Amino acid sequence: MDLTQEEIIWIDSQLDEILDTCQRCKDEQDKELIKKAFDLAKTAHSKMRRKSGEPYITHPIGVAKIVAAEIGLGAKSVVCALLHDIVEDTDYTLQDIEKLFGPTIKNIIDGLTKISNVLDKDASLQVENFRKMLLTLSEDVRVIFIKLADRLHNMRTLDAMPEYKQIKISGETTYLYAPLAHRLGLYSIKTELEDLALKYEHPLIYNEISNKFKESEEEREKYIHQIIQPLIKELKEYNIDCNITGRPKSIYSIWNKMQQKNVPFEEIYDLFAIRIIFKPKRGLKEKQQAYNIFSIITNIYVYHGDRIRDWITTPKANGYEALHVTVMGPLGKWIEIQIRSERMDEVAEKGYAAHWKYKENSKNGSSSLDNWLQTIREQLFDKSEDALDFLDEFKLNLFSAEIYLFTPKGHLKRLPKGATVIDFAYEIHTEIGDKAIAAKVNHNLQPLSYQLESGDQVEILTSEKQSPKREWIDFAITSKAKSKIKSALKEERLYSVNKGQQIFISKVKELGLTINHKKLKELREQYHATNKEEFYRKIGLGIIQLDDLEKQLNKKDANILKKYWTLEFIRKPKSLDNKKINTRETFLIQNTSNKNNYTLATCCNPIPGDEVVGFININNSVIIHKKNCNILTKLAAKQGNRIVSVKWSLEKKLSFIAQIKIEGFDKPGLLFNITKVFYQEGNINMKSINFQSNDGIFSGIIELFIHDTMDLDNLSKKIIRVKGIKSVIRIEEEKE
Ligand code: MN
């Protein structure tokens, strides 16, 4: 059906709307590009309508707006959003796209078309789909962002779909898209996807919760007001510029909690969180300001010592930063307070897109998009900490019996659980397997027997000199690897036997001898081979040399043959550093020339100013211990010749980590007064801080970056003067 005049006017007005919402498409070239894509999409989809009866172009427009405004991507992504359904649904081809918009945009559209083919068409193949989705990720992460925007727009307009489709699409959304959005730090999109999916999957539950939520709204608003008012007043007194709100939790998260705790709606108390978003002051670190606000809060509300979550010191894998604390509110209910700077808030809402924006402002902008995409890729494949949480969820559901691994180029290989490096090598290619010597697993060197885990990226190192070894069979677990190793061994064996026999025969001929069976038996016994085959094989492999064959044929003394069995395995150990450390000279601990030549012992954590002694380890590196360290005493007793006197060099100020423990009586303002001491000490930085309060007794551990013992003494003296503090001690031993 052709477009009506009214529709045409509306559609034409949308180009400006898109350009307005796109913060990052400000130059003329960007605008031109978007206009070109807009016109193409309009023409290509002109005869199509959605299930709702609306012109089809409303969908690409909607997706483009989400991409621009809610995710914060740039012009290329907006173009791809506008064109994302063209290749699939119209006569235009990828070649057309490439001609008009170039290879990058073509590749993204290609990725989007492929991904919708695997994800949307057949939901029963989810394992395979997921894998393909991951594969696409390694090509261009923008594909995932645009796909998420596409899904969000489809979810927002799901009403027009028949019920069975609503349920299918919602299922995929909870299963795949919401976790992905979460993983990319797109918090608002994740929440909206979850809520919409719940609405279609469980309409009764959704309606019940949202009705009850509305019914209790007035009461809740009053309560939030009651909590916030004193906070506003107090924070104002300390000149903190901030915005405090009570944020309702999402319907989905309430439902989740009801299920987890198996309680009705009425028993869910934390239907909201208090959020304090502050405008950071210049010159003070955001983290310090967040803690400052926290300590001001404790002037009013008692806090829960076990429920302080410092996502600033260690941000979540998806980039989230904030300080979460739980306080006892009026009416005896615990309330969560989230403290964020304006920047942290934007990161929390828009995820990596916002991260990137802040980075771009501070550095050169041209390559930062690539950096940003790289970060996401790294985050997605990062095995450390909880970065793989979301993949783990899938793994639990789908990959219980198999693991998925990546080649250095990001290609996915699937192996049974328990597979080792050698299995992976043979999975790639028989030749790679045969020549494998070790692997780099997530950039760390690992042996062939190393057991791989889901998500590992594996690079096989090979050597032309390598050949399959019998012991490989013991740790290979795939039948493919095992059979390849066995046949290679057999082949190798056969080859060596033949070769050995030939060498032997020609040697015998050379000497003009004839060897009968008896003589051969004698000979192989002299050479310690249990049978003829082994004898030939050892010759073939060069283990048995026949240089003195003539002598051997005449002499029967087996002892002489022993030398053939002394394989050259004994090599001189290599010294890591040629310059041996002289124990008679004082070793200088300095930052520059011999940086790698010393480490600070973790048993006693010495810092400059401490009395220290060095212990030279077998790698010719000096371990710095405190003089009174127990471990050092033991080492000195056993290996006194390795002790060297050391001295702190004062040429440069280095930072060292030290821990202090503070104890005292908890009283309002205490935390604030302690943190104030730190702000006043300009050259001391906190690394982490951990406070607890129990029955009025306050205790805390602070990790600091300091330069020397003088710094620490000064600081301790100042902290002990804070009212309520009973003791400040340096913790010297690491926790066991
Ligand atoms: Mn679409």
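Guide: What follows starts at the metal site and then moves to helix contacts and a few loop residues.

The model is predicted. The metal is a manganese ion, and four residues coordinate it: His-59 and His-84, each through NE2, and Asp-85 and Asp-150, each through OD. The coordinating distances run from 2.2 to 2.5 Å. Along the sequence, these donors follow the spacing H-x24-H-D-x64-D. Asp-85 sits in the loop between helix 4 (75-83) and helix 5 (86-89), while Asp-150 belongs to helix 9 (residues 142-156), so this pair ties together parts that are 65 residues apart in sequence. Are these two aspartates buried or exposed? Asp-85 has a relative accessible area of 10%, which makes it buried because the cut-off for buried is under 20%. Asp-150 has a value of 6% and is buried too.

Helix 1 contributes Ile-11, Asp-12, Gln-14, Leu-15, Ile-18 and Leu-19 to the contact, and helix 2 contributes Lys-31, Ile-34, Lys-35, Phe-38 and Lys-42. By class, these residues are six nonpolar, one polar and four charged.

Helix 2 (residues 28-44) also packs with helix 6 (residues 94-101); these axes come within 11 Å and cross at roughly 150°. That angle makes helix 2 roughly antiparallel to helix 6. This crossing is right-handed. From helix 2, Leu-33, Lys-36, Ala-37 and Leu-40 meet Ile-97, Leu-100 and Phe-101 of helix 6. The residues of this contact divide into six nonpolar, no polar and one charged.

Further along the chain is a pair with another geometry. Helix 20 (residues 421-428) and helix 23 (residues 479-510) have axes 9 Å apart and pack at an angle of about 80°. Helix 20 is thus roughly perpendicular to helix 23. On the helix 20 side the contact is made by Ile-422, Asp-423, Tyr-426 and Glu-427, and on the helix 23 side by Lys-480, Ala-481, Lys-484 and Ile-485. The classes here are four nonpolar, no polar and four charged.

Thr-420 lies in the loop between strand 7 (412-416) and helix 20. Is Thr-420 buried or exposed? With 4% relative accessibility, Thr-420 counts as buried. Residues up to four places away in sequence aside, Thr-420 touches Leu-448, Ser-449, Tyr-450, Gln-451, Leu-452, Phe-475 and Ala-476.

Lys-333 is another loop residue, placed between strand 4 (323-328) and strand 5 (334-341). Its relative accessible area is 28%, and Lys-333 is partly exposed. The C-alpha atom of Lys-333 is separated by 8.6 Å from that of Asp-270, although these residues are 63 residues apart along the chain. Leaving out neighbours within four places in sequence, Lys-333 contacts Tyr-223, Tyr-269, Val-327 and Met-328.

Two loop residues deserve a note on backbone angles. Asn-239 has a phi near 65°, a positive value in a residue other than glycine. Asn-239 is in the loop between helix 13 (217-237) and strand 1 (242-248), and at 60% relative accessibility it counts as exposed. His-528 is not a glycine either, yet its phi is positive, at about 60°. The loop that holds His-528 runs between helix 24 (517-526) and helix 25 (532-540). At 44% relative accessibility, His-528 counts as partly exposed.

To return to the metal site: the manganese ion has His-59, His-84, Asp-85 and Asp-150 as its coordinating residues, and of these Asp-85 is buried, as is Asp-150.

Note on methods
Residues numbered from 1 in each chain as written. Predicted model: local features only at pLDDT ≥ 70, side-chain atom pairs only at ≥ 80, totals over all residues. Heavy atoms only, no water. Donors = N, O, S within 2.8 Å, 3.2 Å for Na, K, Ca; no water. Helix = DSSP H or I, 4+ residues; strand = E, 2+ residues; numbered from the N terminus. Buried < 20%, exposed > 50% of the residue type's maximum accessible area, 1.4 Å probe, protein only. Axes fitted to C-alpha atoms, helices over the stretch in contact; angles between N-to-C directions. Parallel < 35°, antiparallel > 145°, perpendicular 65-115°, else oblique. Left-handed = near helix turned anticlockwise from the far one by under 90°. Contact = heavy atoms within 4.5 Å. Nonpolar A, V, L, I, M, F, W, Y, C, P; charged D, E, K, R; others polar.
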